[in-house]
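Reader: I have a new chain open on the screen and would like to walk through it with you. Could you start with how its surface is worked out, and then take me inside?

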Amino acid sequence: MRRPHLADLPKVELPSGYLLRDFRDGDEGAWACILAASFESEPGSFHFGRMMAACPCYQPDRVKLVFGEAGEPAATASCWEDARVGAGSAILHWVGTHPQHSGRRLGYWVSLAVLHHAFTLRCRVAYLRTDDLRTAALKTYLRMDFEPVCSHTSHADRWRRVLQRLDYPVDRFEHILNGPLTPL
């Protein structure tokens, strides 16, 4: 998916009782806890050092965390700059909300915070990858003005099915779905 502009991002307004901040040393367990629960994986499936810190574009301020009122980890998102998608582009990455905090739009708010940060880094476009079965995530990204990217001949039909399943107007994206493939 692609958000073609970052200049008009809405203000981040977390629900009452939540705190948003940058990643700090010692937050590795909170990050892993959020993602393991969010992706219904075994504890220990997510290793911050291997999956994040080892990446050449890792910087702590590009990883955002949301904590609940009692200090429990609630949501996370991060952004990378990656030359493969072009200069001035960010990749929204590893977005997750702990199921105990679902329904509060925390994935939306933490992703929005990451996009604001990407904009301060002079990124003007954002990309992300997600699975077409992740209905809640897709709704969030569409609400954030991300649009489909078709980089394979199967993508247009898959996107039509996804948009119909989400009861989202397919005609809004027909120019993309009927257009040329976008190399990534």
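Author: Accessible areas here come from the Shrake-Rupley method with a 1.4 Å probe. On that basis the chain, which is a predicted model, exposes about 9600 Å², and carbon and sulfur atoms supply 51% of that area.

Reader: What share of the 184 residues is buried?

Author: Buried residues make up 45% of the 184 in the chain, where buried means under 20% relative accessible area.

Reader: And how many helices and strands am I looking at?

Author: There are six helices and six strands, and read along the sequence they follow the pattern β-β-α-α-β-β-β-α-β-α-α-α. The radius of gyration is 16 Å, close to the 16 Å that the globule rule gives for 184 residues, so the chain is as compact as a globular protein of that length. Along its principal axes, the C-alpha trace spans about 45 × 35 × 30 Å.

Reader: What about contacts between residues at least 6 apart in sequence: what part of them joins residues at least 24 apart?

Author: That part is 69% of such contacts in the chain.

Reader: Switching to charge, how many positive and negative side chains are there?

Author: The chain carries 22 positive and 21 negative side chains, and the centres of these two sets lie 3 Å apart.

Reader: Let's go to the rings. How many aromatic pairs does the structure hold?

Author: It holds 13 aromatic pairs. In one of them, the rings of Trp31 and Phe48 have centres 5.1 Å apart and planes at 85 degrees, so this pair is edge-to-face. Trp31 belongs to helix α1 and Phe48 to helix α2, so the pair ties together parts that are 17 residues apart in sequence.

Reader: Are those two buried or exposed?

Author: Both Trp31 and Phe48 are buried, and for Phe48 the relative accessibility is 4%. Leaving aside neighbours within four places in sequence, Phe48 is in contact with Phe23, Glu28, Trp31, Ala53 and Tyr58.

Reader: Which residues do ring pairs link into a cluster?

Author: The cluster consists of Phe23, Trp31, Phe39, Phe46, Phe48, Tyr58, Trp80 and Trp94, linked by ring pairs.

Reader: How far is Phe48 from Leu138?

Author: Phe48 and Leu138 are 24 Å apart in space, C-alpha to C-alpha, and 90 residues apart in sequence.

Reader: Back to the pairs, what do Tyr168 and Phe173 form?

Author: Tyr168 and Phe173 form a stacked aromatic pair, with 5.9 Å from centre to centre and 10 degrees between the planes. Tyr168 is partly exposed, at a relative accessible area of 21%, whereas Phe173 counts as buried at 2% relative accessibility.

Definitions and conventions. Residues are numbered from 1 along each chain as its sequence is written. This is a predicted model: local features need pLDDT of at least 70, side-chain atom pairs count only at pLDDT 80 or more; totals for chains, interfaces and linings use all residues. Side-chain values use heavy atoms; hydrogens and water are left out. Helices (H or I, at least four residues) and strands (E, at least two) are DSSP runs, numbered from the N terminus. The radius of gyration is taken over C-alpha atoms; the globule rule is 2.2 Å times the number of residues to the power 0.38. Buried means under 20% relative accessible area, exposed over 50%, partly exposed in between (1.4 Å probe, protein chains only). Contact means heavy atoms within 4.5 Å. Lys and Arg count as positive and Asp and Glu as negative; His and the chain ends are not counted. The place of a charge is taken as NZ of Lys, CZ of Arg, CG of Asp or CD of Glu. Rings of Phe, Tyr and Trp (its six-membered ring) pair if their centres lie within 6.5 Å; planes under 30 degrees apart count as stacked, over 60 as edge-to-face and the rest as tilted.
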